[in-house]
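Work through the exercises below with the sequence and the structure side by side. Try each task before reading its solution.

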Amino acid sequence: MRLPRFVDISRFALKYIFNWRFWIAEITKKSNIYRNIIDKTLFEDDEIIVIPNTINVNQKIESEGSEFLPTEVIKDVIRRCRDIVIMNTCLCRTSNGCSDYPQDIGCIFLDPTANKIPSHIGRKATVKEALTQVDEADAAGLSHIIGRNKIDTIWMNIKPTKGLLTICHCCPCCCLWKVYPNLDDSISDKLEKLEGVEVKLHEDKCKMCKKCLDEVCMFQAISLKDNNISIDYDICRGCGLCVNVCKFDAITINYTDETIDRVVNRIDNLLEIKE
């Protein structure tokens, strides 16, 4: 009889405590000791950037004569990596028993450390397979988060912790980062809005269907105030999920050329392998 591996035990534990994540995160605001332990153990040196879903992007970027959308930044990163592993299922959605979004669209892991991921957790993939998955995630209404996320190397027990670049495809109901409002600012600030992204609410077009209030925003930036929809732009991380659910163009998202340049440079610095 085969003894359980560390990754299997940790995956089981994560699924068991998944619905406690908000309570666990909230303690980081109440105890400095606990906050420092959680930060050091799970989030040390993290650098994570939200890349919006681009299905309903209001503006396309003209770059070197071709249309360039924010998701293309992720694809460009994938094209330059030789080491690619696609997680067989999404740990967040399977843990939450999600029925609204595909459980089989898992994270994409890049860089040499990805080769150490156990085969029953993720499969080695080609560039073409990874690009196809990004398109499928967009079509399913998922937003993307890319960056160094130490917690992935911890639960999979792989090293070096800085040698893994993670691309998550996040839904509004199950994403681990829904704990963002519950975390102490010193931790939650590591999840960054893409600089130059502008989400805007057009009150004159709003029909008060309230679909954007239906657990759409992962960061709780949308609320009902004085019987009007309101967006807290200080909290908003520009994931674009609210834009996708609004059928009246009352919420739009725009980008600038500088936005693309900044994120390309930021992600380029995170890559271990460059051409």
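**Exercise 1.** Count the aromatic pairs in this predicted model, then classify the one formed by tyrosine 180 and phenylalanine 219.

*Solution.* The count comes to 3 aromatic pairs. Now take tyrosine 180 and phenylalanine 219. Their ring centres are 5.2 Å apart, and the cut-off for a pair is 6.5 Å. Tyrosine 180 sits in the loop between β8 (165-170) and α8 (185-188). Phenylalanine 219 sits in the loop between β10 (198-201) and β11 (222-225). The pair therefore ties together parts 39 residues apart in sequence. Both residues are buried.

**Exercise 2.** Decide whether arginine 35 is with or without a salt bridge.

*Solution.* Start with the location: arginine 35 belongs to helix α3 (residues 32-43). Find the nearest side chain of opposite charge: aspartate 184, 4.1 Å away. A salt bridge must fall within 4 Å, so arginine 35 has none, although it is buried. Finally, list its contacts beyond four places in sequence: Thr28, Asp184, Ser186 and Ile187.

**Exercise 3.** Is arginine 21 buried or exposed, and which backbone oxygen does its side chain reach?

*Solution.* Arginine 21 lies in helix α2 (residues 21-26). Its relative accessible area is 8%. Buried means under 20%, so arginine 21 is buried. Its side chain reaches the backbone oxygen of phenylalanine 18 at 3.0 Å. Leaving aside neighbours within four places in sequence, arginine 21 contacts Cys173, Cys174, Cys175, Leu176 and Val179.

Methods
Residues numbered from 1 in each chain as written. Predicted model: local features only at pLDDT ≥ 70, side-chain atom pairs only at ≥ 80, totals over all residues. Heavy atoms only, no water. Phe/Tyr/Trp six-rings, centres within 6.5 Å; stacked < 30°, edge-to-face > 60°. Helix = DSSP H or I, 4+ residues; strand = E, 2+ residues; numbered from the N terminus. Buried < 20%, exposed > 50% of the residue type's maximum accessible area, 1.4 Å probe, protein only. Lys, Arg positive; Asp, Glu negative; His and termini not counted. Contact = heavy atoms within 4.5 Å. Polar contact = N/O pair within 3.5 Å; in protein donor to acceptor, adjacent residues only side chain to side chain.
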